[in-house]
Amino acid sequence: MDTIIESLPMLWEGLKMTLYIFAIAIVLGFLIGLIMALLRLAPVKVLNWIAKIFVDAIRGTPFIVQLFFIYFGLNSFSWVSLDNVWAGIVTVAINAGAYFAEIIRAGIQSIDKGQTEAARSLGLNQSQNMRYIILPQAFRRMLPTITNQAIISLKDTSLLSIIGVADLTQRGRVIVSATFEPFTIYLALGVMYFIIIYLLSLLSSYLERRFVLR
Amino acid sequence: MSMIQVSNLKKSFGELEVIKDISTAVEPSEVVCVIGPSGSGKSTFLRCLNRLEEISGGHVYIDGADITDPKNNINVIRQKVGMVFQHFNLFPHMTVLENLTLAPVKLGKLKQEAAEKKALGLLDKVGLGAKAKAYPGELSGGQKQRVAIARALAMDPKVMLFDEPTSALDPEMVGDVLGVMKDLAKEGMTMIVVTHEMGFAAEVADRVLFIDGGYIVEENVPNELFGNPQHVRTKAFLSKVL
Ligand SMILES: Nc1ncnc2c1ncn2[C@@H]1O[C@H](COP(=O)(O)OP(=O)(O)O)[C@@H](O)[C@H]1O
Ligand SMILES: [Mg+2]
């Protein structure tokens, strides 16, 4: 018990880092996903292919390989200098982006064609149709799947400890190597992750109720 | 000048030639009903008029503007052409009022306040003034379709296209919707109505087109077309539906 209380300030620092990385990466990832989904559905073959290759490449490779590729691979070029935190953020963002792209694409395609026809017949152009009619409906429908992916991405951030990012997991490892109490420390770590994820899913179901399609 | 002029319209989906050669003109304030067997291309014809379908040949002019001429902005032309769909296609994430105000406001036709005022007026007109704050999901089919008509009218169109507006409705709802359409016709709206409601066509239409096999097989004033059809295919069709 004492160990936990003594290590709380350090774990708190780690938790802040984890949330910081997660917050930036999930927003970036969502933007990447949105752009890729729109490219995938654009009436231009080349754009469809670019998006498809991106999505397939990310979904077809392990997260750790992506992380090493970005942190060690890209950093081997003299004109790239990503510290481990930013390499981590970029990896999580790109990885989440590929999955978001598929979620958003499916969400857009799930909206009845009649919606677009009604919007266009009123004189709205295609981007106004997307913005006011299709995306708002698609996002409501996608919320559970988006949350799910956000939770996966949050858990992925713990892998960044491998490249030395001082996140929650890494802080835990450091404390364990000093205190030799892996059972208590990793249990505490698990509880902390669980609480964040639980809060995330609460937020999601609140939003779902709030924006339920009538 | 005709409000709508169609000359030698053709429309194929791949190999399937749905509209082979249709020419007609609709004058301002004219009400034209389109009848024909299911699958004969009535919806396709209507959807070609506002370019929801790209036409394969011929020309369509709305208020004098060639809709496929790259010089004409189709989004501007569409503002003049209201469309009402069989399945309403209301925007379910918006209130009834928002359904009506979205296009006029976003397209810069009206300021929010003016658009709301106009929308409330239109809702009163279709008998749904009390439903402004409701969501489409809370309305009956007949109410939805009247909202859809009001939504199209909110853009002040010069023409209204109706694609079987009552065929998805329970019978007891049909009358209200047809009533709204009759009022519109009386006010002088130019209308093209694809319908199976022969009674409505007989009462309201200035002219009825019978479409089959990709052509206008026969067209006439309703009395003549219903009472004295000339073509065998018209006779066969009418004998089934009358
Ligand atoms: N988007 C489409 N792609 C392929 N075929 C279509 C499409 N829309 C309509 N068709 C076909 O065109 C024909 C006419 O359809 P439609 O205009 O809906 O007929 P109607 O409204 O008279 O019942 C039908 O055979 C239908 O299957
Ligand atoms: Mg039809």
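Rings of Phe, Tyr and Trp (its six-membered ring) count as a pair if their centres lie within 6.5 Å; planes under 30 degrees apart make the pair stacked. The model is predicted.

**Aromatic pairs**

Over all chains, the whole structure holds seven aromatic pairs. One of them joins F77(A) and W79(A): the ring centres are 5.4 Å apart and the planes meet at 25°, so this pair is stacked. F77(A) is partly exposed, at 40% relative accessible area, and W79(A) is exposed, at 68%.

F194(A) and Y198(A) also form a stacked pair, with 6.3 Å from centre to centre and 10° between the planes. Both residues belong to helix α8 (residues 182–210) of chain A; because they are four residues apart there, about one helical turn separates them. F194(A) is exposed, with a relative accessible area of 59%, while Y198(A) is partly exposed at 48%. Ring pairs also connect F30(A), F100(A) and F139(A) into a cluster.

| Pair | Centre to centre | Angle between planes |
|---|---|---|
| F77(A) and W79(A) | 5.4 Å | 25° |
| F194(A) and Y198(A) | 6.3 Å | 10° |

**Annotated domain**

An unreviewed UniProt entry carries the annotation "domain: ABC transmembrane type-1" for residues 15–204 of chain A. Over residues 15–204, chain A is 81% helix and 0% strand. The end C-alpha atoms of this stretch are 21 Å apart.

**Largest pocket**

The largest pocket contains about 610 Å³ of space. It is lined by 20 residues, of which L41(A), K113(A), T116(A), Q126(A) and M130(A) are the closest to its centre. At least two lining residues come from each of α1 (2–41), α4 (84–109), α5 (113–121) and α6 (126–156) of chain A. Which helix gives the most to this lining? That is α5(A), with four residues. Sorted by class, the lining has nine nonpolar, three polar and eight charged residues.

Methods. Residues are numbered from 1 along each chain as its sequence is written. Chains are lettered from A and ligands numbered from 1 in the order in which they are written. This is a predicted model: local features need pLDDT of at least 70, side-chain atom pairs count only at pLDDT 80 or more; totals for chains, interfaces and linings use all residues. Side-chain values use heavy atoms; hydrogens and water are left out. UniProt positions are given in the numbering used here, feature names are shortened, and annotations may be inferred rather than shown by experiment. On a 1 Å grid over the protein atoms alone, a cavity is a set of points where a 1.4 Å probe fits but cannot get out, and a pocket is an open set with protein on both sides within 12 Å along at least five of seven lines; lining residues have an atom within 4 Å of a point. Grid points are joined across faces, edges and corners, and a volume is the space filled by probe spheres set on the points. Ala, Val, Leu, Ile, Met, Phe, Trp, Tyr, Cys and Pro count as nonpolar, Asp, Glu, Lys and Arg as charged, and the others, Gly among them, as polar. Rings of Phe, Tyr and Trp (its six-membered ring) pair if their centres lie within 6.5 Å; planes under 30 degrees apart count as stacked, over 60 as edge-to-face and the rest as tilted. Buried means under 20% relative accessible area, exposed over 50%, partly exposed in between (1.4 Å probe, protein chains only).
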